[in-house]
Amino acid sequence: MIGKLNHVGIATPSIEAAVTVYRDVLGATSIGERFAMPEQGVWVCFVNLPNSQIELIEPYGDASPIHGFLAKNPMGGQHHVCFEVEDILAARDDLQAKGAKVLGTGEPRIGAHGTPVIFVHPKDMGGVLIELMEVPRGGHA
Ligand code: CO
């Protein structure tokens, strides 16, 4: 069911500081602008790699869902992995039928690439928070 690895989500207390690691230390040459996703409670910045992306996420606002993660991991760290799926509703229904817990209301929300996403609880995914993202119509992101 899952397709390509779209991105790895990395939580950080400072996107600005994280960008210096990816750009100046690791040598990434294609890094997007930071932008806010208020409804998701995060600032986002994509580091573009030849075969995937790193999604840097920093808390936006007091209700950000990643405050808890950063309380446990003050330096930041790997937060989620995102796989592409062709049909987000079919993927959700299939996972729920297999007993996996989809976070929130279970309804897809619009993710950082502008397509519907869901998150699946780590307890059902071997300890990893999984994001599933519908492939944009007409091609990959
Ligand atoms: Co993500």
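Let me begin with a term: a residue is called buried when its relative accessible area is under 20%, exposed when it is over 50%, and partly exposed in between, with a 1.4 Å probe and the protein chains only. By that scale Arg23 is partly exposed, because its relative accessible area is 41%.

What you see above is a predicted model, in which local features need pLDDT of at least 70 and side-chain atom pairs count only at pLDDT 80 or more, while totals for chains, interfaces and linings use all residues. Residues are numbered from 1 along each chain as its sequence is written, and side-chain values use heavy atoms, with hydrogens and water left out.

A search of the whole structure gives 6 of them. Arg23 pairs with Asp24 at 2.8 Å, N to O, and Asp24 counts as exposed, since its relative accessibility is 52%. Arg92 and Asp93 meet in another salt bridge, at 3.0 Å from N to O; here Arg92 is buried, at 12%, whereas Asp93 is partly exposed, at 41%. For Lys98 and Asp94, the closest N and O atoms of the salt bridge are 2.8 Å apart, and salt bridges that share partners join Arg92, Asp93 and Glu107 into one network.

Next, the strands, where a strand (E) is a DSSP run of at least two residues, and a helix (H or I) one of at least four, numbered from the N terminus. How many of the residues of E5 are buried? The count is 7 of 7, so far as the under-20% criterion goes. Gln53, Glu55, Ile57 and Pro59 point one way from E5, while Ile54, Leu56 and Glu58 point the other way. As background, in a regular strand the side chains alternate between the two faces of the sheet.

As for partners, two strands pair if DSSP finds at least two bridges between them. Strand E1, residues 5-11, runs parallel to E5 and is joined to it by 5 bridges, with Gly9 standing opposite Glu55. E4 pairs with E5 in the antiparallel sense over 7 bridges, Val47 stands opposite Ile54, and E4 and E5 form a hairpin with 4 residues between them.

Let me turn to the cysteines, with a disulfide taken as a pair of cysteine sulfur atoms within 2.5 Å. The structure holds 0 disulfides.

Finally, the largest pocket, with a volume of about 660 Å³. On a 1 Å grid over the protein atoms alone, a pocket is an open set of points with protein on both sides within 12 Å along at least five of seven lines, where a 1.4 Å probe fits, and lining residues have an atom within 4 Å of a point. Of the 28 lining residues, the closest to the centre are His79, Leu103, Arg109, Phe119 and Leu129. Strands E4 (42-48), E5 (53-59), E6 (77-85) and E8 (116-120) each supply at least two residues of this lining. By class, the lining has 16 nonpolar, 8 polar and 4 charged residues, with Asp, Glu, Lys and Arg counted as charged, Ala, Val, Leu, Ile, Met, Phe, Trp, Tyr, Cys and Pro as nonpolar, and the others, Gly among them, as polar.

Notes:
Points joined across faces, edges and corners; volume = space filled by probe spheres on them. Salt bridge = Lys/Arg side-chain N within 4 Å of Asp/Glu carboxyl O.
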